[in-house]
Structure formats: C-alpha cells, structure tokens
Amino acid sequence: MNVGKVKLSKIRLTTAVALATGIGMVSTAHAQEAVQSSRAGTGVYEAVISAKDGHIYVTGAGSRAVPGGALYKINPSDLAIVDSISLKENPPFGIGINNKTNTVYTTNTRTNSVSAVDLTTGKLLATITNGAAESHTREVLVDEGKNLVYISDVGDPSNIWVIDGKTNTYLHAIGNLGKTATGMSFLKGTDKIYVTVIGENAVYVVDVKSKQVEHKFPSGGEAPVNITSDGKHLFVANQKSGTITVLDGKGKLIKSIPTGAGAIGIAYDPIKQRIYSANRQTGTTSIIDANTLAVVADVATGSHPNHVKIDPKTGEAFVINKAKGGRPVEGQPVVVDTNGDTITKIN
C-alpha cells in the first residue's frame with residue numbers, strides 16, 4: 001500500500017440554495033451546504049464507505065497524463081488521502097462493498113474484469129472475468145447476507161454477472177436485460193434486482209432465483225442510468241431528461257422531479273430522509289425531501305458530479321466529482337481542472 005497525502009483545500013463552496021417549489025421556500029437556516037472539498041485522486045469515479053474503519057474508498061482510473069489506476073483511502077473528517085492501493089493493471093471505475101468481509105469489488109471497464117480487494121490488508125484477492133470475448137462491466141450490487149456480488153455488464157442485450165463472494169469466482173450470468181443495462185438496486189429483500197436499462201427507458205425486474213426477467217416497466221424519464229431505494233419506493237436518475245423519478249415497486253410513477261442536466265448519481269439517506277441527485281452537466285447536487293418529494297437545495301459541488309455516498313453513521317453526504325475531459329491541444333497550455341477529480345462533503 002502506497003501512502004500519499006494531499007493538502008486539504010478548505011474552501012467553503014456555494015451555500016445551498018433553497019429552491020422555490022410548489023410547497024414553498026425552504027428556510028436557509030436549515031439548508032444543507034457543501035462545507036469541504038479536496039482532491040480525491042486521478043480519474044475518480046465512484047466511492048464506498050467502510051463500516052469497519054469508517055474511511056471512504058474512491059476508485060481512480062487514471063488519465064491520459066497519469067495512466068494507471070488506484071483505490072484511494074480518504075479520511076471523512078478532513079477529506080485527506082491517507083493511503084492508496086495500486087490497481088494499475090486493471091483501472092477501476094464502479095465499486096461496491098461487502099462490509100461483513102471488508103472486501104470491495106471494482107468494475108474494470110477497460111479490461112472487462114472485476115477486482116476483489118481486501119481492505120483490511122490492502123491485498124488484491126482476485127481478478128474475475130466471465131470468459132467472454134467482450135464485456136463492459138459497469139455497476140456493483142452486493143448481497144452481504146448471501147455473500148453474492150452482482151455486476152451489470154452493458155451490452156445489447158446486457159446481462160448481470162453473479163460472483164461468489166466466498167471464493168471470488170464467477171458463477172453464472174442472468175441475461176436478456178435489454179440494451180444498455182447499468183444501475184441496480186434491491187427493493188424489499190434480495191431476491192429481486194431492479195435494473196435501469198438506458199436503451200429502453202425502462203426498469204427491468206430480475207428474479208435472482210429463477211435467473212429470469214420477471215417483468216419491466218417505464219422509468220418515467222429518458223436515459224435511466226442509476227437507481228436506489230428506500231425499501232418502499234424506487235428512485236431513478238434519468239440522465240437525458242435531468243430528472244429523478246419516484247416509482248413504486250410495481251412501476252407506478254409517483255412523481256418526476258426536475259433536478260439538473262445529466263442527473264446520474266443517486267443516493268438515499270434514511271437518517272435525514274433525503275434523496276441526492278448528482279447532476280453531471282450542471283455541476284450541482286440536488287437534495288430532495290423524501291417525504292414531500294420537493295427539491296430543498298441545489299449545491300455546487302464540482303465540475304462533473306458523478307456519484308454520491310451517505311455515511312450511515314453521520315448522515316453526511318460525499319460527492320465524487322469527475323474532471324472535465326478533452327484532449328490537450330498542441331501549442332496551448334494545459335488547463336488544470338481544480339474542481340474536478342475531487343470529493344465534496346455536504347453537511
């Protein structure tokens with residue numbers, strides 16, 4: 001494990017702006033805001049929080065200037081990088097965690113693989129493939145109780161890998177998931193997975209026991225990319241329409257909530273009963289009251305907000321912000337995006 005610390009940039013970002021809604025204006029005295037932001041690595045993408053040590057682990061896939069990949073360990077108090085685990089052979093993008101075994105699973109899209117890493121030792125336990133000539137590993141969903149790991153494999157049609165967490169080996173695939181399946185979530189229990197399918201603007205319901213698609217229904221928005229749940233409702237981030245749609249378990253649309261262009265990251269906080277939407281194109285993270293379904297704040301977090309994680313102990317939200325892309329132009333100075341490749345804490 002290679003230790004690398006960064007100096008925290010203690011910049012108080014834009015105060016959360018209370019938005020006017022049909023229910024009224026939110027008092028700024030109770031508004032949430034971004035209180036800290038700091039460098040999180042290179043080519044950052046997603047994060048998890050370990051229940052064992054309380055640290056945030058962020059995937060970094062590297063960049064053109066800094067190739068390679070790593071898993072960055074970040075202190076949630078001051079957002080400093082306190083350690084890193086090299087994954088340069090298989091740069092990581094998506095990530096999930098089994099807190100019972102303290103093992104993280106990363107999706108390595110460039111190499112069509114999944115890495116299993118022991119956070120206690122920092123050791124790479126296994127590099128998992130499905131044997132296919134082509135695949136596109138995307139998101140991770142972990143069933144801690146059964147020690148099973150589900151990986152969305154984007155395609156036309158798409159499928160889900162099933163990995164045995166005990167042996168860290170590929171078991172089988174659940175197929176016929178439509179064009180471009182990405183996000184996954186449980187709703188009640190772990191026998192059914194709800195999958196967002198971008199190419200069909202749909203949510204598929206997959207029975208993991210029968211390994212079959214049970215049924216599907218409209219997502220209520222365009223390009224549904226990620227999904228989460230409070231155990232009763234489904235919350236879907238629709239990237240093209242810039243909305244969060246709220247559905248019940250049978251697919252009934254309860255509400256479509258405008259958040260911002262490029263809504264991609266989605267998280268639910270059971271402590272504050274808030275829904276968070278990371279809006280990649282607007283550089284903001286929207287905060288929604290899960291009871292009234294009204295947007296209560298819109299927080300500037302970074303260049304391209306991509307992913308949100310909630311600390312289950314404190315209720316603090318952490319947003320992973322991607323850097324602005326683009327190839328270097330010959331003869332032009334290299335522009336450093338100081339608001340990208342960052343992690344932002346929302347109080």
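Predicted model: local features only at pLDDT ≥ 70, side-chain atom pairs only at ≥ 80, totals over all residues.
Student: Where does Asp341 sit, and what is its phi?

Tutor: Asp341 is in the loop between strand 27 (317–322) and strand 28 (342–346). Its phi is positive, about 55°, although Asp341 is not a glycine.

Student: And Asn147, buried or exposed?

Tutor: Buried: Asn147 has 18% relative accessibility, and the limit is under 20%. Asn147 belongs to the loop between strand 10 (137–143) and strand 11, and has a positive phi as well, near 55°.

Student: What makes the peptide bond from Asp156 to Pro157 cis?

Tutor: Look at omega: for the bond from Asp156 to Pro157 it is near 5°, and the bond is cis. Pro157 lies in the loop between strand 11 and strand 12.

Student: Let's zoom out. How many helices and strands does the chain have?

Tutor: Zero helices and 28 strands. Of its 347 residues, 58% count as buried. The accessible surface is about 14,900 Å², and carbon and sulfur atoms account for 50% of it. As for contacts between residues at least 6 apart in sequence, 44% of them join residues at least 24 apart.

Student: On to the rings. Why is the pair of Tyr45 and Phe93 called edge-to-face?

Tutor: There are four aromatic pairs by the rule used here. In this one, the ring centres of Tyr45 and Phe93 are 5.4 Å apart and the planes stand at 80°. Centres have to lie within 6.5 Å to pair, and planes over 60 degrees apart count as edge-to-face, so Tyr45 and Phe93 qualify on both counts.

Student: Which parts of the chain does that pair link?

Tutor: Distant ones: Tyr45 is in strand 2 (residues 44–49), while Phe93 is in the loop between strand 5 (81–86) and strand 6 (94–98), 48 residues apart. Both Tyr45 and Phe93 are buried.

Student: How do you know that Trp161 and Tyr170 form an edge-to-face pair?

Tutor: Same test: the centres of Trp161 and Tyr170 are 5.7 Å apart and the planes are at 85°. With limits of 6.5 Å for the centres and over 60 degrees for the planes, that is edge-to-face.

Student: Why do strand 2 and strand 5 count as standing at the edges of their sheet?

Tutor: Four strands form an open sheet in the order 2-3-4-5, with antiparallel pairing. Strand 2 and strand 5 each have a single partner strand, so one side of each is left without a neighbour in the sheet. On average, neighbouring strands here are turned by 25° against each other, direction ignored.

Student: How do you know that strand 3 and strand 4 pair?

Tutor: Count the bridges: five join strand 3 (residues 56–60) to strand 4 (residues 70–74), and pairing takes at least two, so they pair. The two run antiparallel, with Val58 opposite Tyr72.

Student: Why is strand 20 called largely enclosed?

Tutor: Five of the six residues in strand 20 (residues 243–248) are buried, so the rest of the structure largely encloses it. Thr245 stands opposite Val236 and has Ser256 as its bridge partner in strand 21.

Student: Which residues in the turns have a positive phi?

Tutor: In the hairpin of strand 19 and strand 20, Gly242 has a phi of about 65°. In the hairpin of strand 20 and strand 21, Gly251 has about 100°. Each hairpin has four residues between its strands.

Student: Finally, which residues have the most contacts inside the largest nonpolar core?

Tutor: Tyr150, Ile160, Met184, Ile193 and Val195, in a core of 17 residues. Strands that each supply at least two of its residues include strand 11 (148–153) and strand 15 (192–197). Among the residues Val195 touches are Ile160, Met184 and Tyr204.

Terms used:
Residues numbered from 1 in each chain as written. Heavy atoms only, no water. Buried < 20%, exposed > 50% of the residue type's maximum accessible area, 1.4 Å probe, protein only. Contact = heavy atoms within 4.5 Å. Areas by Shrake-Rupley, 256 points an atom, 1.4 Å probe, with all protein chains shown as cover. Phe/Tyr/Trp six-rings, centres within 6.5 Å; stacked < 30°, edge-to-face > 60°. Axes fitted to C-alpha atoms, helices over the stretch in contact; angles between N-to-C directions. Core = buried A, V, L, I, M, F, W, Y, C linked by side-chain atoms within 4.5 Å. Lists of a residue's contacts leave out its neighbours within four places in sequence.
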